[in-house]
Each structure stands twice: as structure tokens, then as C-alpha cells.
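Me: Could you go through this structure with me, starting with the backbone and then moving to helix packing?

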Amino acid sequence: MPSQYRTIPAIHRLLERESLRRAVERHGRPPVIAACRRAVDRLRRRIANGAVDDAASRDATSAIEAEALSILAETTRPAYRGVVNATGVLIHTNLGRSPLSTEGLDGLESYLALELDLATGRRGQRLAPLRQRIAELCGAHSAVMVNNNAAALLLILSALASGRQVIVSRGQLIEIGGSFRLPEVMAASGCRLVEVGCTNRTHLADYERALTDETGAILVAHQSNFRIVGFTTEPAISELAALARRAGVPLIVDQGSGCLHDLGRWGLPPEPTVQGLLAEGADLVCFSGDKLLGGPQAGIVVGAAEWVEPLGRHPLYRALRPDKTALVMMDRVLAAHRSGRLEEIPLYAMMSAPLDALARRARRLASRLRRAGVPARDRALRAALGGGTTPEETMPSHGLAVAGGQALADALRGGEPPVIGRLVEDEVLLDLRTVRPTEDHTLERALVEAQSRLSDLQASGR
Ligand SMILES: *Cc1c(COP(=O)(O)O)cnc(C)c1O
């Protein structure tokens, strides 16, 4: 057995070291002991592999101490880390979809009149204060909010069409990232999917022929994250609404994005709006809270009272209801939409940033970076909405192109804070449309640090 094992200190001895004593005060004993054990295990493995010579083993305690502290730093930092999104994808599902502003949010630190009617002192309903506001904003009679749009659809189908048939066009059997698959949600809600038409073409007559006594609803799902182009047709919402009304069943539209505005204002192609779909005759429209609404994760259903009210009384609603954080944040976001002060919503502030302002920031950053030895230049780029909205369309943007390939992309992602860019050929592209102006300095520092770590690695020949 190599003699180096004898130099490994006991855990209780390690805990007498000043730095680890302070770590115990800060994080408690269990995580510090776990980190020490892991550091000791690693050293044992290195000794077993013959990777530790006598000289190195003489200072085993210091080596373990340093390693334990670095393990501890990793295991005690926030589980979800803030990142700089320089991908240029505004609604980035892997980065939490829409960014949120929590500045000055009342009611989250204090207690909250969540289920208390302050006028009467009686028990209130948690959705009651928000319902009317959502409905009014969308031009609907009634509204319900749940945890996400998948939950909204599950609730609608369970409450209104369980055990019955639901007619859907074959061109709309969508899968959205994160394992939302329409046929599976339908199966889970206990309704039977009746597919009509073809992938590219479905006619009103196809729906008409599929109607039976067993029909519980007609469902239209927005083709959020793909387009079928070329020889295509789908009946208008108004035609389907008239058909549904004759059959006495609801027309449900899964709108998805929560678009309330004409996207032409931001140079993007139009997306059907929630209000527009209701005006065309949809009985229920459901959508996500954290896509184009720019709010917290949520699913919202708006529509006619006769169809929407039963959703709030269904037992599933209790399981799917939103938490107070989402309700408070949603109220704030709805107010910004209502007042037209969209710039208060981070997503819209980013969408609305003038191109020349982005270009100015990019040029300034590029020249500062070059002076610091980072091979950066400013470059015109295209940003995308993402998150299953306008899949092919992009908006003009500006940012940085930095030579350095995968190694640089990895170094940026491994930095503090992590910076996420896009690797195209051998350059890392950093789009400023998704970077807040207040983050420019952070981005600059992250690039300088990443570059210097890369240079150190190259210098040490690894
Ligand atoms: C995004 C999307 C969903 C899923 O919404 P979640 O809020 O992620 O549950 C469902 N349907 C459509 C059409 C969507 O665009």
C-alpha cells in the first residue's frame, strides 16, 4: 500500500482548519463534511492510480482543503443560476422563456389577501381578483388561470369533453418542446381523438362529416413551432365556430403564444391574436403566460362564461391552480399590456430596442474588448422570438462575433455568470437584443475572463 495514504488527515482534523470552520458556520456541518469526504475520496483515487508523488502528498491537508472548498462552492450555489442570454432567442425555453421583472413587486414578502375578500372579511377565491382583468384585456366574458398551457388544455378537455370525441385536423397534431404532445394530452383527459383531413389540407366538410352524437368539442391547435407551406388549407375560425354552434359543442382554440398585439409593430409577420380569435367566434382560447405575454409560467383560458366557468369548479382545477407568485406577477404584466406601457415588460423592451442602439452598444463593446486582447468585432445578426412562436421569422439585430470556437463557447458557459452564445463555424456570436444594456459590462468582463482562462490553458499546454 502506498505510504501516501498515511498523510490523509481525518475529517475532524480537516474541520479544524480556519477556512472550513468558517464554511461550517455559513453552510452547516453536513454539506462541509460531504465536501471533505469527496475531496478525500478523490485524493485516494489519485494515490491508487499512482498520480501522487511523495512531495505532493506531504501537503495533502492543504490540497484537500482547497478541493473541499471548491466542491462546496459548487454544491452550495443557487441550483438555478442567472445567465446572460446572448443567443438572440427572446423566448428561450431552456433559459426560462420570457425574462421577468421582479422590481418593486408588492405582496410577495408580506402576507397577501390571496383568498380573503377584504370588503366582507369572508373567504375569497384566489382567482377572483384577476379573472375580470384577464377577461377584459382579451375581450372575453370569463377567464381562468392555471399552471401552464398544457394544464389549461388538460382542464378544458377533462371538464368539457371527457368520454366524448374531440375533432382535430391532422395538420394540427402538434408536439411542443418539453414533451407536450397534443394526442397524449387528449388521451390523459379521457377524450377520444378524431383526426380529420390531411397533413396539409383540411376542409370544413371534413369536420362536418366527423360530427356525431358523441362529439364533445372541436379543437384547433395553432401550429406554433412549425409551418406547413405550399398547397395547404384550413377552414376559417369563423366557419368552424358556426359549425360548432350548430352542433352545440364548443370550439376550443389552443392559441399557444398568448399574442395580444399586432407583431407587425416589431417587423414580424402577424400571429393570430387572442382577441381576434374570440372575435371570430372561438368559444375558448388557451395560451401560455410566459411566451408572448411576457409573464410568469401560466396557462390562461378565456372565452364564453358558459364554457369557462365550469373549469374553475372542476376538481382538477384545485390540482392545477397557480401559486401566489405567478398570480402577483401576472397581475403586473397584465397591467402593462392594458396600459400600453409594454416597455415595462422585459420581453417587449428587448423586442423594441432600436437597431441603431444595439449597433452602438456592439461597436463600443467590440472596441473595448479588442483593447483588452479579445478578438471581437461587431456584426449584424438576426434575433428570433423562439418559444414556439413565428418559427421561421427573425428580426434584425446586432452583436459581437468573437473568434475562439467551441473552447470559447465552453469557457463563457463555464464563467460567472455563465454567458450563453451561439457557435457558428468558428465564431461565438453574441446577440445584444437579448442582453439588457445593464448587462453589457458583465458581458465584457465575462469575455475578458474567458479569454484569459483560454490563454492560460494554452500556455500550460493542455
Ligand atoms: C407552448 C404551447 C403549448 C404548451 O404550453 P406550456 O405553457 O408550455 O404548457 C401548447 N400548445 C401550443 C399551441 C403552444 O404553443
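Predicted model: local features only at pLDDT ≥ 70, side-chain atom pairs only at ≥ 80, totals over all residues.

Me: Which residues does the cis peptide bond join?

Reply: The cis bond links Glu-416 to Pro-417, with omega about -5°, and Pro-417 sits in the loop between helix H17 (405-413) and strand S14 (419-420); helices (H or I, at least four residues) and strands (E, at least two) are DSSP runs numbered from the N terminus.

Me: And Arg-97, buried or exposed?

Reply: Arg-97 counts as buried because its relative accessibility is 19%, where buried means under 20% relative accessible area, exposed over 50% and partly exposed in between (1.4 Å probe, protein chains only). Although not a glycine, Arg-97 has a positive phi of about 55°.

Me: What about phi of Glu-425?

Reply: Phi of Glu-425 is positive, near 50°, in a residue other than glycine, and at 78% relative accessibility Glu-425 counts as exposed.

Me: Switching topic, at what angle do H2 and H3 pack?

Reply: Helix H2 (residues 18-27) and helix H3 (residues 29-48) pack at about 135°, with their axes 7 Å apart; axes are lines fitted to C-alpha atoms, for helices over the stretch in contact, and angles run from 0 to 180 degrees between N-to-C directions. The contact (heavy atoms within 4.5 Å) involves residues including Leu-20 and Val-24 of H2 and Pro-31 and Cys-36 of H3.

Note on methods. Residues numbered from 1 in each chain as written. Heavy atoms only, no water.
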